[in-house]
Amino acid sequence: MSEKKLLILNQQQIQQKIDRIAYQILEDNFDEEEILIAGILPRGNHIAQRIKNILDTIAPFKSKLLTIEIEKQSSTLQAIIDFDKQECNNKVVILVDDVLNSGKTLAYGFGVFLDVPLKKLRTVVLIDRNHKSFPITTDFAGVALSTVIKEHVDVVLTETGGEDAVYLM
C-alpha cells in the first residue's frame with residue numbers, strides 16, 4: 001500500500017517561510033535586548049534553531065534557544081525543559097512548533113510559562129492546519145492550510161534525516 005504524498009513546500013520555500021518569520025519576529029521585537037526562542041521537540045526545535053540562526057545575523061538583540069519536550073498523549077501537562085523558568089521573567093518568549101493542528105501542543109507549551117511573568121509570548125508554526133480543538137491562534141505562520149481531518153501533514157527536515165519538504169498525505 002503506497003501513500004499518496006502531495007508536496008506542499010519544497011526546501012527553498014521552507015527557507016523563504018522561515019526567513020520571513022524571522023523578519024516578522026525582528027519587527028515585533030526591535031526594541032528588545034534579548035528574546036527567548038522556545039522550540040517544542042522534535043521538529044519545532046529544529047525550526048526554532050533555524051530562526052535563531054537568522055536572527056543572530058539580522059537582529060540587534062540577542063536570542064537564546066530553549067527546548068521544551070511535551071508528552072503529547074498525556075491528559076495533563078507534562079513537560080521537560082532545559083532552562084530555569086526564572087530566566088524568562090520579563091522577557092519575550094517565542095514558542096515554536098512545526099504544525100498547528102488541534103492546538104493541544106501549543107496549549108501545553110503555554111502551560112510551561114503560566115506561572116512566569118513574561119513580557120510577551122508569541123507563537124510560530126510552519127504549518128497552520130485550521131483544525132483547532134483549543135482556542136489557539138498563531139502569531140506567525142509559514143502557511144495556513146485548510147485540510148480535511150483525515151489528512152496528515154508531514155514536515156521533513158534535514159536535521160531528521162531527509163531533505164526539507166512538507167507533504168500532505
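**The largest pocket**

Because this is a predicted model, local features are described only where pLDDT is at least 70, while totals for linings use all residues. The largest pocket has a volume of about 350 Å³. Its lining is made up of 19 residues, and those closest to the centre of the pocket are Lys72, Asp98, Val99, Asn101 and Thr105. Two or more lining residues come from each of S5, helix H3 (104-112) and strand S8 (153-156), and the largest share, four residues, is given by S5. Sorted by class, the lining holds six nonpolar, five polar and eight charged residues.

**Helix H3 and its surroundings**

Helix H3 has several buried residues, namely Thr105, Leu106, Tyr108, Gly109, Gly111 and Val112. The buried residues of H3 pack against strand S2 (34-40), strand S3 (62-70), S4, S5 and S6. Thr105, which is buried in H3, is also among the residues closest to the centre of the largest pocket.

Asp97 belongs to strand S5, which covers residues 92-100. Asp97 has a relative accessible area of 3%, and is therefore counted as buried. When neighbours within four places in sequence are left aside, Asp97 is in contact with Ile40, Gly44, Ile47, Thr105, Leu106, Val124, Val125 and Leu126.

One of these contacts, Val125, is a residue of strand S6. Val125 has 0% relative accessibility and so counts as buried. Leaving aside neighbours within four places in sequence, Val125 is in contact with Ile21, Asp97, Asp98, Val99, Leu100, Leu106, Thr138, Phe140, Ala141 and Gly142. For Ala141, which is 16 residues from Val125 along the chain, the two C-alpha atoms are separated by 4.9 Å.

Lys120 also lies in strand S6. What is its relative accessible area, and is Lys120 buried or exposed? The area is 16%, so Lys120 is buried, given that buried means under 20%. With neighbours within four places in sequence left aside, Lys120 is in contact with Asp28, Asn29, Lys91, Val92 and Val93.

**Two residues in loops**

Glu32 is placed in the loop between helix H1 (11-28) and S2. Although Glu32 is a loop residue, its relative accessible area is 12% and Glu32 is buried. Not counting residues up to four places away in sequence, Glu32 touches Phe61, Val92 and Lys119. Asn90, in turn, is located in the loop between S4 and S5. Asn90 has 57% relative accessibility, and it therefore counts as exposed.

| Pair | Apart in sequence | C-alpha to C-alpha |
|---|---|---|
| Val125 and Ala141 | 16 residues | 4.9 Å |
| Lys120 and Glu71 | 49 residues | 25 Å |
| Glu32 and Ser74 | 42 residues | 35 Å |

**Ring contacts**

How many aromatic pairs does a search of the whole structure find? The search finds one. This pair is formed by Phe83 and Phe113, and it is stacked, with 6.0 Å centre to centre and 10° between the planes. Phe83 lies in the loop between strand S4 (79-81) and S5, whereas Phe113 lies in the loop between H3 and strand S6 (120-128), so the pair ties together parts that are 30 residues apart in sequence. Both Phe83 and Phe113 are buried. A ring contact of another kind involves Lys5, whose charged end sits over the ring of Tyr167 at 4.6 Å from the ring centre.

**Backbone geometry**

The peptide bond that runs from Leu41 to Pro42 is cis, and its omega is near -5°. Pro42 itself is found in the loop between S2 and helix H2 (43-58). The exposed residue Asn90 has a positive phi of about 55°, although Asn90 is not a glycine.

Methods:
Residues numbered from 1 in each chain as written. Predicted model: local features only at pLDDT ≥ 70, side-chain atom pairs only at ≥ 80, totals over all residues. Heavy atoms only, no water. Buried < 20%, exposed > 50% of the residue type's maximum accessible area, 1.4 Å probe, protein only. Contact = heavy atoms within 4.5 Å. 1 Å grid on protein atoms, 1.4 Å probe; cavity = no way out; pocket = protein on both sides within 12 Å on 5 of 7 lines; lining within 4 Å. Points joined across faces, edges and corners; volume = space filled by probe spheres on them. Nonpolar A, V, L, I, M, F, W, Y, C, P; charged D, E, K, R; others polar. Phe/Tyr/Trp six-rings, centres within 6.5 Å; stacked < 30°, edge-to-face > 60°. Lys NZ or Arg CZ within 6 Å of the ring centre and 35° of its normal.
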